[in-house]
Amino acid sequence: MVHFLHPGLSPRNIVPPDAQKDALGWCVVQEEASPYSLVNICLNVLIANLEKLCSERSDGTLCLPEHWSFPQEVADRFLGVMTWQGKLTDRTASIFQGNQMKLKLVNIQKAKISTAAFTKAFCHHKVIELDATAVHTDLPISDILSGLCSNSWIQQNLRCLLLDSTSIPQDSRLLFGQLTGLRVLSVFNVCFHSEDLANVSQLPKLESLDISNTLVTNISALLTCKDRLKSLTMHYLKCLTMTKPQILAVIRELKCLLHLDISDHRQLKSDLAFHLLQQKDILPNIVSLDISGGNYITDGAVELFIQQRPAMQFVGLLATDAGYSDFFTAKQGLRVAGGANVTQISEALSRYRNRSCFMKEALYRLFTETFSMQVTMPAILKLVAVGMRNHPLDLPVQFTASACALNLTRQGLARGMPVRLLSEVTCLLFKALKNFPHYQQLQKNCLLSLTNSRILVDVPFDRFDAAKFVMRWLCKHENPKMQTMAVSITSILALQLSPEQTAQLKEELFMAVKELLAIVKQKTTENLDDVTLLFTLKALWNLTDESPAACNHFMENQGLAIFIQVLETFSESAIQSKVLGLWNNIAEVRELSSKLVTEDVVKHISNLLHSKEMEVSYFAAGIIAHLTSDKQPWMTHDLQRSALLQDLYATIQNWPSSSCKMTALVTYRSFKAFFPLLSNFSQPAVQLWALWAMYHVCSKNQRECESGERQRENLKQTPH
């Protein structure tokens, strides 16, 4: 939690817009590209191992070791990280009982804890700020207030209380009167009535109040605190029954106001802001005014209002017709949340991160502004990520944010983005997919993001979930362009999954292999050796690597016959090497290798063993080595087996040095497929191929052999 600042009085507001934009972008890059702090690393480890490190009380809650003690700053951060990770529960909150932790800034946003756990864990501390935004209904506002007021120190010294989107039991009264030290109160989106406002307005030190989207019908009670109220936010105050002149009469008396927010949903067509701008004798000390969503707002009216109040530092104009004149860019020190340009949109994304109505408006404007973006903007992408995280169940926000993320991370732009930021955005995209599994355009945006080589190769994200998603998409028979993308992504993700993960795919794996074979069959029938065919062959090759299940699916779906037809249709070495590479994978599976001992297969590998292309000859030799290492399938063809072994030995002897380069980079997950061949002392030709292959892989330059380089090359031909 950070200490409260008036929305219009943040220290960064005094920095010139362009300078601040550059500084903000630089700070985001530095923050996201830097290692995590040692404190955060330690706290993450501690939280991950909390169950092991703590003892258990008789009631099932956790207790820290007796000799442990945390300084206040570390304790505050510890609680914040637990809350952020969703680890704060009745069982874990109990570690904050007693005096081992000394808390001042308590953050329990969205936590699912009971009243009893809250009171025991937090209400004995000297708390000066509490953020209970959107806590579970098990902890209603009335119980929060009761717990806080049970501590006389908190009554006098609690300064900031955030209760946004927190529940209130029916017919319960909110008693804020005992919190005499309270300066900042936010009850946004709470069942907060005019009677509660009258109670709150009597707090002797209240300076900042947010009553947005509450049930308040009359704001006249604010006159009680007119001499001390500095910040008033009443966005979307939909239940007001007062006339415009009555509302303005109250606002006129609030002469100490530095910040006023009367923004509204655009659909409501509120004209309160329009009438406010016409007033000359109102808000003399205002520095921050938010009228976003207001109706009939013009550049001229806003300019005149600001010129009469030269100290103004911020104006909110999103979803209005204002903000487009040169005045708003020329005036030094004035920040604008609007939709006229990227600077205004950035400010809007930052200001309205918790308001979905404005977030979707700002994202829509951002999408338009960044459609042909040529500059890397990590600070903007970070704000898009914040919007996605804060509104996970809002489809318009998620969809528009996914489109903005695509604009901001196109191939060249992604290279300038910090990996950690790209990882966050990618993970949020997949979270959106889970929340909206039937929204196709959102799925397309996610698929498009994965065609980015920077993201697909370098960025950490759940590749198992990604593979499931892409394979399901592959089977939807989308348009050829999207199909090619899905195939190319599958070919790369298959390399990044462990054999155990590939086996867990089960239904997705079966359907993917079947669909990929259908694509190969279609391309072969059409005699079309395009990029889709190459990617499809590559995907099948990679999926079957050390995956007996995928190899079995291949054989069950007439893959052998289809691949024989491929060799008889196309003579390009790039196609031949991929066919043979997959057959190598099948030959490594003992239960399936005998099925390759057919007249057609043996004919093709015998011919391709003498190919002038080194990688084709290499893979053909590998198949022969695996198939001939077992005598059983050759019982009636022993002479043919002997001839193949002699040919294999002679061919390898004529190969160049095993440190030679091949057109296709040869890599292996492990060398375990070679071990049975090396132990076959009765067949020197088989041993020779295994030794040559291992030496070839080991002698390659490490950088050349990195899978990332191989994967990037695979993606270069992908159509976007």
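Me: Are Phe 430 and Phe 469 buried or exposed?

Reply: Buried means under 20% relative accessible area, exposed over 50% and partly exposed in between, with a 1.4 Å probe and protein chains only; here Phe 430 is buried, and Phe 469 is buried as well. This is a predicted model, in which local features need pLDDT of at least 70, side-chain atom pairs count only at pLDDT 80 or more, and totals for chains, interfaces and linings use all residues. Residues are numbered from 1 along each chain as its sequence is written, and side-chain values use heavy atoms, with hydrogens and water left out.

Me: How many aromatic pairs does the structure hold, and what describes such a pair?

Reply: A pair of aromatic rings is described by the distance of the centres and the angle of the planes. Rings of Phe, Tyr and Trp (its six-membered ring) pair if their centres lie within 6.5 Å, and planes under 30 degrees apart count as stacked, over 60 as edge-to-face and the rest as tilted. The structure holds 24 aromatic pairs. In one of them, the rings of Phe 96 and Phe 122 have centres 5.7 Å apart and planes at 35°, so this pair is tilted. Both Phe 96 and Phe 122 are buried. Phe 430 and Phe 469 form an edge-to-face pair, with 6.1 Å from centre to centre and 80° between the planes.

Me: Which residues form one aromatic cluster together with Trp 541?

Reply: Trp 541 forms one aromatic cluster with Tyr 618, Phe 619, Trp 655, Tyr 668, Phe 671, Phe 674, Trp 689 and Trp 692.
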